[in-house]
Amino acid sequence: MTSDFLSGKAAIAGIGATEFSKDSGRSELQLAIEAVGAALTDAGLTPADVDGLTTFTMETNPENMVARSMGIPELKFFSRIPYGGGGACAPIQQAAMAVATGVADVVVAYRAFNERSGVRFGQGPPPAKTQATSDNEYRSWVNPYGLLTPAQQTAMFARRYMHAYGATSEDYGRVAVLARKHAAKNPHAWFYGKPLTLAEHQASRWIAEPLHLFDCCQETDGGQAMVIVSAERARDLPQPAAVITAAAQGLGPDQYQMVSYYRDDLTRIPEVELCARQLWAQSGLGPGEMDAAVLYDHFTPYVLNQLEEYGFCGRGEAKDFIADGNLELDGRLPTNTHGGQIGEAYLHGTNGVAEGVRLIRGTSTNQPKGVSNVLVTAGVGVPTSALILSTAR
Amino acid sequence: MSATTQQRPAAGPDAEEFLTQLRTFVGQQATPVRYAQDAVNPAMIRHFVEAMGDENPVYTDETAARSTGRSGIVAPPPMLSSWLMVGYKAHTAAAEHGAPDSPMTRLLNLLGDAGYVGVVATNDEQEYVRELRIGDRLKMTAVIEDVSPRKVTGLGAGHFITTLRTYTDADDQVVARQRFRILRFDPTVTKSSGQPAAADPGLRHRPFVMRDNQFWFDAARERRLVIQTCSDCGQLRHPPGPSCPQCGSFAWHETAAAGRGTVHSYVTSHHPKAPGYDYPLTVLLVDLEEGTRLVADYSGDPETVRVGLPVEVDWLDYGGDVTLPRFRNREEQS
């Protein structure tokens with residue numbers, strides 16, 4: 001049973017980001033402050049208006065450091081979400097719940113890091129993951145054999161999916177080609193002006209078979225922030241509101257972090273389906289009402305799984321759904337119009353939330369026509385989250 | 001490429017027995033106590049600093065040395081071992097007739113007879129307690145401190161031998177300590193196969209062994225593949241945990257797995273490369289006959305792996321009390 005209490009109560013009234021680079025040349029704290037400041041400016045608000053902050057547990061910039069650095073006087077609400085990119089949409093849900101219940105009035109969700117020039121996630125277990133705790137115990141069953149990186153861990157699912165449905169590396173490659181096509185037209189994207197061909201995808205080196213280099217998203221330095229207020233207050237602010245029609249978290253049966261290898265069917269992602277079920281129930285909408293989507297694309301194969309779990313196509317049909325052009329700007333479900341994390345930037349999915357807002361405002365650099373509802377998703381393979389953003393009714 | 005095909009066991013009980021034999025030398029005096037043939041003297045110091053190009057006057061100029069608060073000329077610390085060298089004559093005699101009998105000689109012969117004929121010095125750590133002064137007469141005692149398990153290195157497979165050399169003066173006061181490590185290796189391991197030496201599994205990531213999973217790793221060390229089983233409802237579970245997700249019971253026991261299964265999925269990893277693994281690295285997700293699934297190493301040719309391939313458990317020693325499952329291709333055996 002899912003309540004529709006939250007639906008429509010809150011909205012994203014401002015978005016802001018730094019440039020997306022490979023070497024920001026400044027501290028992660030500065031990136032966070034710049035992003036939060038830009039989002040507040042976009043919303044027509046100031047640091048003095050902020051009374052809530054939400055972010056990731058992986059974030060290195062705590063709420064107090066952001067608040068004191070920016071002159072935010074008081075915080076009544078602060079919360080953090082674990083599981084890395086799986087939390088991309090969850091801080092927005094936290095903020096929406098806070099403003100919907102009156103706990104806070106202006107909540108900023110932020111994420112900032114030097115993930116390319118600093119600690120890189122694709123190099124193996126990070127230095128902090130050396131404690132023998134139940135949080136890290138799952139590594140005992142994969143790391144000793146050499147499954148050390150998210151790409152290596154994801155490849156296990158991708159291989160099984162290919163076996164089950166006859167998908168090929170080209171089918172995965174089409175996700176990357178589409179992302180780079182959109183990024184090529186987005187001046188903020190790292191791969192602006194740099195489209196990718198399927199042949200280039202196929203020729204790129206192996207990272208972890210069946211994943212080529214271009215099946216893996218890039219790594220980025222940067223910061224992104226979003227300002228969440230009540231839908232009522234958003235009406236009085238300068239930007240068109242992106243109303244939070246639905247927001248959900250999901251953690252499925254026998255859930256691990258990136259290595260839920262022990263479930264019966266590895267082609268299914270039950271925590272994603274759990275998010276879908278909640279979004280549809282909260283919003284009263286269905287896949288047919290989604291006008292665009294921002295699907296988390298850390299690795300291309302998981303985009304296929306998400307299309308199936310959200311019901312845009314049947315089981316095993318995602319490869320054909322994509323090949324038929326449904327994710328193109330003039331297709332049935334324009335997807336990753338900013339270029340995705342593959343093409344724009346890897347900001348743990350938060351830049352995807354910002355693109356969802358632009359799609360609602362009608363300001364994406366690749367704006368499809370007639371967008372009223374956008375699905376935004378978060379990292380797959382870990383406990384996850386998702387949003388539906390909508391135009392104000 | 002598999003290290004288990006060589007004449008000497010790379011792992012397993014025989015390898016352990018050999019290591020136990022090697023380690024009987026640990027703690028023994030490596031060679032007889034050695035006495036310096038000459039006291040610390042200005043002539044040898046001068047030759048040394050001229051050859052090294054070291055112009056620090058405290059090694060050659062009495063006045064300069066005193067102006068630094070020293071009682072006189074001191075010897076450069078790196079000369080330490082040169083004061084105890086046996087000399088050219090003894091060296092050539094040993095090369096011709098063999099070194100005189102000592103525990104170290106016996107240890108090296110044992111390794112040499114097992115095919116570890118190469119030798120290379122790998123580490124030399126020196127700790128100086130005080131500076132050596134003109135007239136010091138040194139004595140050196142060497143003790144075999146450690147013999148490593150078999151390691152596969154770029155030179156070949158072998159054992160590292162560490163000796164602790166203690167240098168004392170005429171009053172038996174310690175003036176310096178030196179940890180000297182050599183590798184006694186078998187160069188044919190790499191050369192005969194024409195391939196680079198296999199990565200050393202000792203460098204691999206280790207499991208976190210904890211209360212909830214220790215039984216499994218204890219069994220694996222004995223090359224037994226076990227599955228945690230609920231003692232109340234009988235459900236098998238892997239990876240293990242403290243309670244049964246089906247009935248909530250904390251009671252459990254081990255069930256021995258037959259060690260046979262089929263490949264559910266697999267990954268062949270190329271990048272990034274971590275120490276201890278050979279790339280391309282194939283990792284399996286195996287459906288055991290008993291119904292649980294586990295990740296494991298693959299000993300076969302990466303080209304032969306496919307979903308559905310029948311496999312059978314084998315084991316890989318990671319050294320240091322860790323042994324983990326690897327699976328071999330069952331089709332290649334039959």
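The dialogue that follows sets values against definitions.

Tutor: This is a predicted model, in which local features need pLDDT of at least 70 and side-chain atom pairs count only at pLDDT 80 or more, while totals for chains, interfaces and linings use all residues. Residues are numbered from 1 along each chain as its sequence is written, and chains are lettered from A and ligands numbered from 1 in the order in which they are written.

Student: How confident is the predictor in chain B, and where does pLDDT stay under 50?

Tutor: pLDDT is the predictor's confidence in each residue, from 0 to 100. Chain B averages 89, and 93% of its residues score at least 70. Residues 1–7 of chain B stay under 50, and the model has 11 contacts for them beyond four places in sequence. Where pLDDT is low, the predicted coordinates should not be read in detail. The model scores ipTM 0.95 and pTM 0.75.

Student: Why are α4(A) and α9(A) called oblique?

Tutor: Helices and strands here are DSSP runs, numbered from the N terminus (H or I, at least four residues, for helices; E, at least two, for strands). Helix α4 (residues 150–165) of chain A packs against helix α9 (residues 301–309) of chain A at about 60°, with the axes 9 Å apart. Angles under 35 degrees count as roughly parallel, over 145 as roughly antiparallel, 65 to 115 as roughly perpendicular and the rest as oblique. The angle of about 60° therefore makes α4(A) oblique to α9(A). Axes are lines fitted to C-alpha atoms, for helices over the stretch in contact, and angles run from 0 to 180 degrees between N-to-C directions.

Student: What makes the contact of α4(A) with α9(A), and how do its residues divide by class?

Tutor: Residues are in contact if their C-beta atoms, placed from the backbone, lie within 7 Å. From α4(A) come A:Thr154, A:Phe157, A:Ala158 and A:Tyr161, and from α9(A) come A:Pro301, A:Tyr302 and A:Leu304. Six are nonpolar, one is polar and none is charged, where Ala, Val, Leu, Ile, Met, Phe, Trp, Tyr, Cys and Pro count as nonpolar, Asp, Glu, Lys and Arg as charged, and the others, Gly among them, as polar.

Student: Which term describes α8(A) and α9(A), and why?

Tutor: The axes of helix α8 (residues 270–283) of chain A and α9(A) come within 9 Å and cross at roughly 40°; α8(A) and α9(A) are therefore oblique to each other. Their contact has two nonpolar, two polar and two charged residues.

Student: How do you know that β8(A) and β11(A) pair, and in what sense?

Tutor: Two strands pair if DSSP finds at least two bridges between them. Strand β8 (residues 242–250) and strand β11 (residues 384–391) of chain A have eight bridges, in the antiparallel sense. Within this pair, A:Ala246 stands opposite A:Ile388.

Student: What makes β3 and β9 of chain A edge strands?

Tutor: The open sheet of nine strands has the order β3-β2-β4-β7-β1-β8-β11-β10-β9 (chain A), with mixed pairing. β3 (77–81) and β9 (292–294) are edge strands, as each pairs on one side only.

Student: How many bridges link β5 of chain A to β10(B), and in which direction do the strands run?

Tutor: Two bridges join strand β5 (residues 206–209) of chain A to β10(B), and the strands run antiparallel. A:Glu209 stands opposite B:Thr268. The contact between the chains takes 30 residues from chain B and 29 residues from chain A. On the side of chain B that touches chain A, β10(B) gives the most, with six residues.

Note on methods:
Contact = placed C-beta atoms within 7 Å.
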